[in-house]
Amino acid sequence: MSYHLNHLKELESESIFVLREVAAQFERPVLMFSGGKDSILMVHLARKAFYPARIPFPLLHVDTGHNFPETIEYRDKLVEEIGAKLIVGSVQDAIDEGKIAEEKGYNASRNYLQTSVLLETLEEGKYDAALGGARRDEEKARAKERFFSHRDEFGQWDPKNQRPELWNLFNGKKNYGEHFRVFPISNWTELDVWMYLAAEGVELPSLYFAHERPVFERDGILLADCDYIQKRPEEEGAIEERMVRCRTIGDMTCTGVWESQAATIEDIIKEVSIARKTERGGRADDKRSETAMEDRKKQGYF
Amino acid sequence: MTDYTNMELLRFTTAGSVDDGKSTLIGRLLYDSKSIFEDQYDAVRDSSERRGEEGVNLALLTDGLKSEREQGITIDVAYRYFNTPKRKFIIADTPGHIQYTRNMVTGASTANVALILIDARKGVLEQTRRHAFIASLLQIPHLVVCINKMDLVDYNEEVYEKIKQDFEEFSYKLDVNDVHFIPISALKGDNVVNPSDKTPWYQGSTLLYYLENVHIGSDHNFIDCRFPVQLVLRPNTDEFHDYRGYAGRIAGGVFKKGDKVMLLPSGFASKIAKIDTLDGELEEAYPPMSVTMLLEDDLDLSRGDMIVRENNHPEVEQDLEVMVCWFHDRPLQLRGKYAILHTTQEVRCIVKEIRYKLDINTLHRNEEDKQIGMNDIARVVIRTTKPLFFDAYRKNRITGSLLFVEEGTNDTVGAGMII
């Protein structure tokens with residue numbers, strides 16, 4: 001008998017360990033849930049970590065108001081199924097209350113506005129640990145993240161001054177008013193996530209599978225047509241139906257879609273394993289500058 | 001299609017500077033295994049051009065922070081991922097300069113394999129010794145020494161043999177068992193992914209073949225049963241009314257249903273009633289599995305406690321001899337008090353004695369110099385407020401390791417390996 005775990009089981013075990021550390025070390029954790037595959041994976045792992053008890057923290061969705069309708073549908077169904085509490089931080093409400101001002105123009109996006117709503121929601125709820133489904137393979141600034149990532153009283157990340165992380169030991173000690181971002185799936189790649197979701201038979205939002213949708217092209221990225229995006233006249237004219245799917249799910253204004261015929265999760269794995277572009281390659285929010293992600297993360301973006 | 005439920009996970013650390021060709025080697029592994037994406041490559045190429053650099057600087061792939069890119073140095077450990085049909089690899093890429101010992105130690109703490117690069121023209125340097133020493137200190141099970149830039153020494157076997165001999169001459173003093181040598185050229189690709197026809201005198205495997213096949217099944221301790229309790233699960237629902245599960249990750253040994261166990265610190269005996277997971281009950285559990293254990297008796301047991309076998313106990317002590325690597329610019333304080341994180345337990349300690357500071361280049365033990373600053377390695381004696389349940393680090397990397405945390409700032413200031 002040889003005692004060894006396959007790589008997916010080893011990743012699962014590591015993530016479960018981290019989730020349990022959060023439950024043990026923090027008083028008021030919250031799980032950031034966007035409706036994307038990574039946060040779906042997080043919920044799945046959290047169920048495993050605390051079974052047969054319920055997941056001991058609420059889910060938090062920062063709602064830009066510019067979601068794909070499919071995302072909200074999936075979110076509400078999942079929340080009901082697992083009996084979790086859902087907290088929604090609304091960007092629309094914050095705009096209506098005059099707390100933040102909306103960007104204008106063709107490239108307007110509420111992506112940046114999420115940060116202040118997220119920080120305010122965390123503060124209001126006195127949450128001391130926010131669990132996120134970010135992965136190190138996604139983006140070069142995220143490659144430098146810790147599992148337990150310290151945030152000061154302003155919610156800022158100080159990448160040059162991070163606590164070293166060794167072995168199985170996670171230091172979640174903090175002073176009053178500070179909080180942590182915790183990333184249990186740091187070591188998973190896009191391909192790992194898909195392989196695991198396939199092996200576990202997890203149900204996913206329809207957006208990830210190829211479907212017909214009106215799209216148009218901007219700066220080399222295909223965007224789904226919707227009322228939230230201000231289009232240039234030539235873009236209006238170029239809208240056409242294509243077979244596409246999402247590789248990541250975010251705000252409709254900045255989430256690119258990809259031409260694809262992948263109808264099943266097996267198709268997706270095949271597609272991802274030969275993909276020549278990163279999944280965030282379609283994210284307009286990362287393209288604003290070379291260090292767009294690092295800059296946002298320092299301010300408290302997740 | 002690849003059977004992805006049959007892949008293993010291997011973590012390795014690379015230490016070295018740009019001069020050794022480390023970035024080129026990582027770039028080569030990623031590129032040849034098709035793990036660099038077009039848009040990543042394009043972005044790096046554009047950045048290189050903007051900086052007026054010659055060619056594509058693959059270091060920009062891993063140096064993700066603005067300040068790293070500005071200064072052209074790696075400040076922090078960068079993690080990179082790639083896979084072949086056989087294994088998934090996690091690379092902890094750490095800078096090689098002396099001031100970054102703490103990063104090397106961090107990257108080494110979880111690695112199965114340490115990859116050490118030597119420039120064939122320069123041979124074994126101080127830096128090489130340092131890397132090898134850290135690999136042995138952190139008990140990385142396998143060491144692979146890549147003698148790089150063989151193309152610049154005409155693929156000369158004698159050069160290779162000489163370096164191999166030099167390395168062995170000092171490494172016999174270290175605590176490393178499994179050392180492997182490979183002559184490569186990262187730039188030309190010789191013996192990295194594909195065997196080279198320029199080194200007919202070398203019969204061994206390529207680097208990738210080695211990484212895909214090195215036996216890591218015994219890297220965990222499967223003998224001494226250790227289960228640190230992480231938290232107690234009590235669902236309080238009708239269906240699971242009396243359920244009391246002890247959640248945690250197996251740190252050593254193989255636990256089986258029905259095993260007689262002993263609980264620490266109470267010393268009470270019980271039996272494993274069930275090893276539980278959401279996917280059903282397990283007959284046995286071993287490292288590094290995360291499971292939930294149920295015992296036959298209702299006993300006092302909570303986070304920080306440990307389940308072990310009746311006839312195989314860890315040490316239970318308050319006075320510990322520790323090799324410490326210091327991470328902070330505020331030096332280690334003799335008589336100073338620190339919080340200690342060990343398995344799932346947290347205690348406080350006082351530093352009772354600094355035995356010696358170790359010169360990691362010469363391995364000289366300096367008993368006069370007791371100033372332990374950032375990146376220094378020293379042997380110290382600590383006394384903890386409560387007994388710890390531990391094994392020597394050599395025996396178990398999980399139950400033998402601990403962190404020093406500064407009270408007040410909560411910074412992680414040191415990493416300790418129990419002797």
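**Exercise 1. Count the helices and strands in chain A.**

Solution. Start from the definition: helices (H or I, at least four residues) and strands (E, at least two) are DSSP runs, numbered from the N terminus. Chain A has 9 helices and 10 strands. Keep in mind that this is a predicted model, in which local features need pLDDT of at least 70, side-chain atom pairs count only at pLDDT 80 or more, and totals for chains, interfaces and linings use all residues. Residues are numbered from 1 along each chain as its sequence is written, while chains are lettered from A and ligands numbered from 1 in the order in which they are written.

**Exercise 2. Compare the radius of gyration of chain A with that of a compact globule.**

Solution. Take the radius over C-alpha atoms; the globule rule is 2.2 Å times the number of residues to the power 0.38. For 302 residues, the rule gives a value near 19 Å. Chain A has 19 Å, so the two agree. Next, the box: along the principal axes, the C-alpha atoms of chain A fill roughly 55 × 55 × 40 Å.

**Exercise 3. Describe the domains of chain A and their contact.**

Solution. Domain bounds come from an automatic or database domain assignment. Domain 1 of chain A covers 7–188 + 291–299, and domain 2 covers 192–287. Their C-alpha centres lie 22 Å apart. Now the contact (C-beta atoms, placed from the backbone, within 7 Å). Each domain is represented: 28 residues come from domain 1 of chain A and 28 residues from domain 2 of chain A. On the domain 1 side, α1, α2, α3 (69–82) and α9 (292–299) of chain A give two or more residues. The largest share, 5 residues, comes from α2(A).

**Exercise 4. Find what chain A brings to its contact with chain B.**

Solution. Chain A gives 54 residues and chain B gives 57 residues. On the side of chain A, α1 (7–25), α2 (37–50) and α6 (190–200) give two or more residues. With 10 residues, α1(A) gives the most. Sort this side by class: 20 nonpolar, 14 polar and 20 charged residues. Here Ala, Val, Leu, Ile, Met, Phe, Trp, Tyr, Cys and Pro count as nonpolar, Asp, Glu, Lys and Arg as charged, and the others, Gly among them, as polar.

**Exercise 5. Name the residues that A:L31 touches.**

Solution. Leave out residues up to four places away in sequence. The list is then A:M42, A:A46, A:F57, A:L59, A:L60 and A:L131.

Technical notes:
Two residues are in contact if their C-beta atoms, placed from the backbone, lie within 7 Å.
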